[in-house]
2 protein chains.
Amino acid sequence: MQDRQAAERPLTRIQRKNRETILDAALDAFSSYGFRGTTVDQIAELAGLSKPNLLYYFPSKEAIHAELLTLLLDAWLDPLRALDPEGEPVAEILGYVRRKLELSRDYPRESRLFANEILQGAPRIMAALEGELKALVDEKAAVLANWAAAGRIADMPPHHLIFSIWALTQHYADFDVQVRAVLGPGHDPYAEAQGFLETLFAKLLAP
Amino acid sequence: MQDRQAAERPLTRIQRKNRETILDAALDAFSSYGFRGTTVDQIAELAGLSKPNLLYYFPSKEAIHAELLTLLLDAWLDPLRALDPEGEPVAEILGYVRRKLELSRDYPRESRLFANEILQGAPRIMAALEGELKALVDEKAAVLANWAAAGRIADMPPHHLIFSIWALTQHYADFDVQVRAVLGPGHDPYAEAQGFLETLFAKLLAP
DNA sequence: ATGACGTTTGACCTTCCGGTCAAATACACG
DNA sequence: CGTGTATTTGACCGGAAGGTCAAACGTCAT
């Protein structure tokens with residue numbers, strides 16, 4: 001029945017800095033090589049720490065990964081939460097597309113970490129998918145369905161509309177190397193995608 | 001200067017069967033756990049062979065993976081190859097969408113294997129992306145651009161049109177568990193997607 | 001400056017994993 | 001049958017990887 005060292009005590013300056021450094025290094029590694037493909041030594045090296053030192057701040061590789069996924073999930077849902085049922089339908093949806101694309105552009109590592117996890121069957125976040133995520137999507141899907149029923153956007157299965165937004169925006173982060181390989185040099189994928197997706201969804205949503 | 005055993009000799013019945021079994025087992029494993037996340041013992045177990053026995057048929061884990069990727073790439077490009085410059089534009093593109101979605105439905109493991117590889121930066125197939133794939137896409141993009149110039153489909157960046165088809169169709173295979181978690185039971189994602197994507201692209205392409 | 005607590009480290013342990021090898025067993029074919 | 005070749009296997013190897021530990025080193029408040 002011993003007290004857990006860091007349970008109550010506030011984090012020290014060094015703790016805050018090192019935990020942050022470690023999480024950033026781990027995000028680099030996990031998003032590039034996956035969970036199994038990443039070694040603790042690798043993360044430690046990236047973070048500029050020794051392996052035992054790193055394990056002083058996190059109990060295990062698993063724990064670092066879990067922490068990253070938790071932080072990620074919340075940030076991931078934000079743009080959808082911001083979709084306002086009282087707003088103008090097309091503008092709201094296009095705004096969501098834009099925010100989601102910006103997320104892909106500015107946080108591609110997070111996008112790939114998430115994609116990796118889902119690809120492997122989401123073993124560590126299945127509960128969140130079936131709980132939080134489903135609840136939020138169902139809520140917003142209802143909003144979309146109402147808009148469609150009111151003739152303010154075209155009629156379509158709202159869940160799939162949301163999937164299409166995810167698919168199209170995350171593609172630019174997750175498949176970045178393919179996109180760039182196919183486009184060749186001299187392109188700004190995100191800038192081009194921005195205009196293209198805006199047009200696409202404008203046409204799709206028009207009643 | 002010794003002869004390579006299997007260089008010339010035709011494969012025996014047992015060789016054919018076992019190589020096939022191994023590749024199938026390896027596809028299961030690699031597509032679920034990634035390259036590093038998969039162990040040779042795991043593949044052997046799935047294939048019902050002992051590890052040394054498996055390594056009698058393939059020189060290394062790497063070789064199995066490479067073989068799978070090679071087989072995959074070809075099958076992956078086929079639907080796009082089939083896009084006919086002489087056909088009716090909208091029908092051709094919708095046909096491509098349908099074929100690609102069927103590929104996701106019928107070969108989700110292959111889709112995830114590919115996604116895994118791209119996510120990790122495509123270390124083993126970068127050459128193919130910049131070579132074969134880019135060439136084919138450029139060729140078909142030119143066809144799309146011609147159709148747009150002739151006013152037979154709406155004007156849009158052809159490469160991104162192709163990306164959008166990839167993104168939307170592969171999403172249903174790669175993010176399958178998320179799609180099902182969000183939809184809940186009692187849905188047939190692919191059937192629903194089929195109708196939705198047909199509408200989406202019909203609207204997008206209309207001049 | 002000193003004691004207490006926070007931080008860092010080198011050495012080490014164990015398990016896992018890709019791959020090898022020699023010997024044993026099945027198979028095909030004259 | 002019998003013999004040469006294909007196939008299978010148990011035992012083993014070396015290195016990588018996750019994690020532990022005791023001791024050394026810093027930091028900071030009194």
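**Close-up views of a predicted protein–DNA model**

**View 1. Phosphate contacts of DNA strand D.** In this predicted model, a polar side-chain atom of Tyr57(B) lies 2.6 Å from a phosphate oxygen of DNA strand D.

View 2. Sugar and phosphate make up 58% of the DNA strand D atoms that come within 4 Å of the protein.

**View 3. The contact between chain A and chain B.** Each side is listed by its residues in contact (heavy atoms within 4.5 Å): 54 residues from chain A and 54 residues from chain B. The two chains bury about 4,500 Å² between them, 71% of it on carbon and sulfur atoms; buried area is the accessible area (1.4 Å probe) that two parts lose on being put together, summed over both. Leu119(A), His160(A) and Val182(A) supply 16% of the area that chain A buries against chain B, more than any other three residues.

**Notes.** Residues are numbered from 1 along each chain as its sequence is written, and chains are lettered from A and ligands numbered from 1 in the order in which they are written. Local features need pLDDT of at least 70, side-chain atom pairs count only at pLDDT 80 or more, and totals for chains, interfaces and linings use all residues, while side-chain values use heavy atoms, with hydrogens and water left out.

Technical notes: Near = heavy atom within 4 Å. Polar contact = N/O pair within 3.5 Å; in protein donor to acceptor, adjacent residues only side chain to side chain.
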